[in-house]
Amino acid sequence: MASEDVKRSESAVSTIVNLAEEAKLAREGVKAPSYALLSICKSLVAGGVAGGVSRTAVAPLERLKILLQVQNPHSIKYNGTIQGLKYIWRTEGFRGLFKGNGTNCARIVPNSAVKFFSYEQASRGILAFYREKTGDQDAQLTPLLRLGAGACAGIIAMSATYPMDMVRGRLTVQTDKSPYQYRGIFHALTTVLREEGPRALYKGWLPSVIGVVPYVGLNFAVYESLKDWLIKSKPFGLVEDSELSVTTRLACGAAAGTVGQTVAYPLDVIRRRMQMVGWNNAASVVTGDGRSKAPLEYTGMVDAFRKTVRYEGFRALYKGLVPNSVKVVPSIAIAFVSYEMVKDVLGVEIRISD
């Protein structure tokens, strides 16, 4: 009995010590492993939800943008945003507007989750390094440092989910008149692997990575810097109690998306075109119903740029920019605000800049 009492006492003391240690860690700002893991999971969920919601909201414009980017210049079917959407509706129906969206969400949900989480981690790492180098423990992220953190996040997220992006591009482009149909994500992945090899899944990766640096980097840098400026300067009464309204945050996201996509758009066009190389049964929209006068043969990113400009002019690098702009503005805005709102609901503290 005495030994059992001793064991119970030791167990009670051990429990008290553990609780004291956890309390000490909490006071020092160090989270217990289980809490840290839960926080990471919640952050990833918030990023994934934000990506899925924002991309589905603009799915028809996303599909039209890709069709405009890759269509054959000698067989024009899509002449603009309104005409293009009407043509898709007339020839493929309502489902045609959302073709490829399932694949797109399967890609964008993990991409968005990794991107937002990577940005938070990169921001904290860069800020800690910056404070150590400057010796100023109160220093905050500058727009340039946010650009770097966003670029890191974009590269990590893009590289992790690129095969899905490549397959999504092909699924989006194919139409009912395509001589060969991919039946879905898995079928497209296995077909590309079998017929073109594993390297084909990363066609267009280089321009994608180069393009994602200014695109994602500017998105985060502009959004966070605008928020900070508004909170500090409080212009036009837009800030109440150091909090921005949803409308104001949407406006910040829209501005961020506009700047980022305008700078990186030509690289997005080249990426899409490179993804079509090697597709023997490319959709009619790309081959011009088999009457292509400019075959899709590129030896690399530079060659793709040169041939696109030579055969179609400089303006070809901005094909689909209008529907993309109409898509990107609400998409980026919705993504940022959805992310912050979901994190609030899940009870995760948003600490991107400090």
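These are my notebook entries on the salt bridges in this structure.

**Entry 1: the model.** I remind myself that I am looking at a predicted model. I looked up the total for salt bridges and got 16.

**Entry 2: E92 and K99.** I started with this pair, whose side chains form a salt bridge at 2.9 Å, N to O. Is E92 buried or exposed? E92 has a relative accessible area of 16%, so I put it down as buried, the cut-off being under 20%. K99 comes out at 23% relative accessibility, so that residue goes in my notes as partly exposed.

**Entry 3: K227 and E340.** Next I checked K227, whose side chain meets that of E340 in a salt bridge, 2.7 Å from N to O. Where do the two partners sit? I found K227 in helix α8, which covers residues 205-233, and E340 in helix α12, residues 321-346. The pair therefore ties together parts that lie 113 residues apart in sequence. I also looked up burial here, and both K227 and E340 are buried.

**Entry 4: K319 and E312.** Here is another salt bridge between side chains, with K319 and E312 at 2.7 Å, N to O. I looked up E312 and got 22% relative accessibility, so it counts as partly exposed.

Definitions and conventions: Residues numbered from 1 in each chain as written. Predicted model: local features only at pLDDT ≥ 70, side-chain atom pairs only at ≥ 80, totals over all residues. Heavy atoms only, no water. Salt bridge = Lys/Arg side-chain N within 4 Å of Asp/Glu carboxyl O. Buried < 20%, exposed > 50% of the residue type's maximum accessible area, 1.4 Å probe, protein only. Helix = DSSP H or I, 4+ residues; strand = E, 2+ residues; numbered from the N terminus.
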